[in-house]
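Let us walk through a protein model together.

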Amino acid sequence: MRIVQSINNEWFYTPNFAEEYIQQNTLDRNVFQPIRLPHTNIELPYNYFDDAAFQFVSCYKKELYIPKEYEDKIIYLDFEGVMTYGKVYLNGEFIGEHKGGYTPFSVNITEKVILEQKNMLTVVVDSTEREEIPPFGGVIDYLTFGGIYREVSMRVVEKVFIHDVFIKTPQVLEDKKTIQLEVSLTKEGYQQEPFTLISILKQEGKEIQQKTQTIQDTCITMIMDQLENISLWDIENPVLYEIELQLYHGDQKLDQVTQKFGFREAVFKTDGFYLNGRKVKLIGLNRHQAYPYVGYAMPKRAQQKDADILKKELGLNMVRTSHYPQSRHFLDRCDEIGLLVFEEIPGWQHIGGEEWQKQVLQDVEKMITRDRNHPSIVIWGVRINESMDHHELYSQTNALARKLDPTRQTGGVRYLQKSDFLEDVYTMNDFAHKGDNIGLRDQKEVTGLDHYVPYMVTEYNGHMYPTKKFDQEERVMEHALRHARVQNASHVDDHIAGAIGWCAFDYNTHSDFGSGDKICYHGVMDMYRLPKFASYVYQSQKSPEQEVILEPATYWSRGDRSIGGVIPLVILTNCDSIDFYYGGQYQGRYYPNKEDFPGLPHPPVIIDKLDGHWGSRWEEANFIGYVQDQEVIRKEYSHNPIPTELQVTADDSILCAREMDVTRVVVKALDQCGNPMVFMTDPISITVEGAGQLIGPHYRSLIGGSIAFWVQTTGDKGNIQIQVASERFATQEITVKVE
Ligand code: GAL
């Protein structure tokens, strides 16, 4: 029977490499330091660092003890992500390698293992930007970081085992449902056929139907049909099922695997995107998988949290995994919460030579075979993001994608007009909007075709209007309005399936991009996932039953804007109407601006008049929001904000000791009305004691009145005590449990 054991603890690491390390079967503790996975090859500062600092060759070691019971078994090590080129050795002998930091690989160590003894595993990790590996060879607007940054596990199987299962759900909208399973076996040794395969459909562990089939071959199709009372997977109600597969040889059970999936139909048509026959306007943002200090190396909980932020906090229904396949934990979470995904292969504008292009095809294959059971994924990106047309290469990537997964449409992200349309969906980065013009172009103008095709916008804004969380009020407001205008343009055009903005979170980048400090400030949230006003454009599109949003895009001051004042006052809200008081004086009732934003479910309220001038007194403001004439929310702004509270909150109260776990702690300076003090830069000092450790520096300044930090577990159980001290506020203490 299959045993899968995660092996993320007790690794040893050195940030350099010498040939002799490969042969060393004992650990030189002067060279190698203990670490856990996920791991970054170097911790970087928040900004202003050398963007080549992570580009070096490093070495990881781990002792593996293989018990005698595994004698006749096949043993694999499964690596989920090693940036960028990993070479694996066991007991000094080479056993396998992999190029490409975003796709998984496995090595078979069976032949080289010594039983009942310690085996030394060595992984040499080349994190330089090797030009034969995508996305490298040109410049790229993001950092790829380095190290064994995703999880590793050991998989022990019999000589014949289940290699893969692809679960299809044809004609899913019919009453009685059908499942078509494409199962493949791997035979690492001889065993006489036939085998028996049992497949069990389950929901939350409860059996629904079972089927047994005899197999003579290593590939088999199995049908389970006449399934009744099956719920569809949807963005509102993402119901998941499982298939448990059991493989027998006579009476001997050889293998068992469980695969989650969902019943759903997703199709892009010329007049929009349809999920289970219902038209859904796609509202999304692009996500880079990077975090401050540790780059890509964040464990499950942080990956899940990002999906939660996108779906629950921002209210999106779609994300694009720009510009590469992302962590399985992120995708699993998208399945669980109903967040649609556009997943694409690694690359950025540049197309390399022959070897490079071979790697592209391998990336397509690895991405699709890893991820084709995720109901959340509704389209494959099979072009290098924003590359030129390349008929030969993209004919191949499309053909391969359609062969590996005939159930999903392909896209390929471009900025080209009239480009060679080999995909099923024309996916376009449309940066047309400049603030005072159209939001998006007409698709026929873009495609140059005389007929409509399935069409989606995959990026807008971004470099057109970089904005920091603490930029001047006019800018942060205009940043928000640009997001609102483009989303509105998408909503009023039936021939646009939806629009995915650039981007969710600020990210570290190369010196060829960004603000010179190695950050691209293109997010609607900062690198800590803290909101800019633009994020409320998205948040306010949620229904008020889900969450009432009333967020005036203002710091409420007389003089931050040019010439002073706060007009036009843009209020991002899902309320039906708003009462506004200035200095206690009722100014009127205001309504969503349906004239300028007819497509948005919840247009902003815009107030364009307020008496007062430079030199007159500045007064407090009050906003009262109503939904169906019921008061649902109040907001107050002082004319004289006073530092009142340093709010410190952890995303999670309980973490897990078994493997590396993290939680984010958010620190906000608030005034007497509970509003953020946007220009506060006071330093804070962070102390973490007990069963946890701080990621990043202990001393920091607030950035735009707030900041966050991540705390990781150490492997011990107990409490983590977190203390945040500052000059102007009382010291705050919180505790997180580790179980
Ligand atoms: C696009 C690119 C993104 C990002 C963005 C900034 O051209 O695909 O990766 O650089 O521009 O707006």
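Start with Trp 348: one of its polar side-chain atoms lies 2.7 Å from an oxygen atom of the ligand. That is a polar contact, meaning a pair of N or O atoms within 3.5 Å; within protein, one must be able to donate a hydrogen and the other to accept it, and residues adjacent in sequence count only if both atoms are side-chain atoms. Asp 141 has a polar side-chain atom 2.5 Å from a ligand oxygen. For Asn 385, the distance from a polar side-chain atom to an oxygen of the ligand is 2.9 Å. The protein covers 94% of the 310 Å² of accessible area that the ligand has on its own. Accessible areas come from the Shrake-Rupley method with a 1.4 Å probe; for residues, only the protein chains shown count as cover.

Keep in mind that this is a predicted model: local features need pLDDT of at least 70, side-chain atom pairs count only at pLDDT 80 or more, and totals for chains, interfaces and linings use all residues. Residues are numbered from 1 along each chain as its sequence is written, and side-chain values use heavy atoms, with hydrogens and water left out.

Which residues come nearest to the ligand? Of the 13 around it, they are Asp 141, His 323, Trp 348, Glu 386 and His 463. A residue is near a molecule or strand if one of its heavy atoms lies within 4 Å of it. The shell holds four nonpolar, six polar and three charged residues. Here Ala, Val, Leu, Ile, Met, Phe, Trp, Tyr, Cys and Pro count as nonpolar, Asp, Glu, Lys and Arg as charged, and the others, Gly among them, as polar.

The whole structure has three cavities of 30 Å³ or more. On a 1 Å grid over the protein atoms alone, a cavity is a set of points where a 1.4 Å probe fits but cannot get out; a pocket is an open set with protein on both sides within 12 Å along at least five of seven lines; lining residues have an atom within 4 Å of a point. Grid points are joined across faces, edges and corners, and a volume is the space filled by probe spheres set on the points.

The largest cavity holds about 90 Å³. Its lining has 13 residues, with Ala 302, Lys 305, Asp 651, Arg 664 and Trp 710 nearest its centre. Helix H2 (300–313) gives the most, with five residues. Helices (H or I, at least four residues) and strands (E, at least two) are DSSP runs, numbered from the N terminus. By class, this lining has five nonpolar, one polar and seven charged residues.

The second largest pocket has a volume of about 1200 Å³. It is lined by 49 residues, and Tyr 536, Glu 551, Lys 668, Asn 675 and Pro 676 are the closest to its centre.

Last, the backbone. Most residues other than glycine have a negative phi, and most peptide bonds are trans. Phe 145 is not a glycine, yet its phi is positive, about 55°. The peptide bond from Trp 502 to Cys 503 is cis, with omega near 0°. Another cis peptide bond joins Ile 567 and Pro 568, with omega about 0°.
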